[in-house]
Amino acid sequence: MKQLKITLLLPLFLTVANASVLPDGVMAYIDAILAALSLLLIILFINNTSTKQKLKEAQETIEEKDEKINWLRRIGAENEHRHTTKIQELEKQIVELNHTIEKLEQRVKEGTKNQVVAKLEALQHKRAKAMEEAGLEA
């Protein structure tokens, strides 16, 4: 930006320095030339300032978005871990209930039918409910 300012100001200084050798026709336009150069410098300064501000805002927005992405990734990982843990616990309960049902079926074969049948039905219902919660079909 400094080089641009120097490049723009150099003709201005040369024009003012050579004002005495310029013809009278050109001297009539010096004020307009100076005003145009001043206006151009003001426009460039305003443009530079607004561009820096927009760049700063864009960088802040990018940082906020990165933070949100990292937060969402972390929350997603925690939710997935919690879901996996719950499924593992339900599968463990299903295995235990299956084992208990097998034991009770063996007892049914051996004799104590009424109590065992009632408990067997209750455990089968409990197993079906656990499988339904886990999203598994019986």
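Predicted model: local features only at pLDDT ≥ 70, side-chain atom pairs only at ≥ 80, totals over all residues.

Which residues form a nonpolar patch on the surface? I found I42, F45 and I46, with about 320 Å² of accessible area together. For patches I took residues with over 30% relative accessible area and no salt bridge, joining nonpolar side chains (Val, Leu, Ile, Met, Phe, Trp, Tyr) within 5 Å. Areas are Shrake-Rupley with a 1.4 Å probe.

Numbering starts from 1 along each chain, and side-chain values use heavy atoms, without hydrogens and water.

I checked I46 next: it lies in helix α3 and counts as exposed because its relative accessibility is 51% (exposed is over 50%, buried under 20%, partly exposed in between).

Then I went for salt bridges (Lys or Arg side-chain nitrogen within 4 Å of an Asp or Glu carboxyl oxygen). I got one: E78 with R74, at 3.7 Å, N to O. Both sit in helix α3 (residues 30-110), four residues apart, about one turn of the helix. E78 is partly exposed at 36%, and R74 is partly exposed too, at 44%.

For the whole chain, I count four helices and zero strands (DSSP runs: H or I, at least four residues; E, at least two). Of the 138 residues, 11% are buried. The chain exposes about 11700 Å², with 58% of that from carbon and sulfur atoms.

Technical notes
Buried < 20%, exposed > 50% of the residue type's maximum accessible area, 1.4 Å probe, protein only. Patch = residues over 30% accessible without salt bridge, like charges linked within 9 Å, V, L, I, M, F, W, Y side chains within 5 Å.
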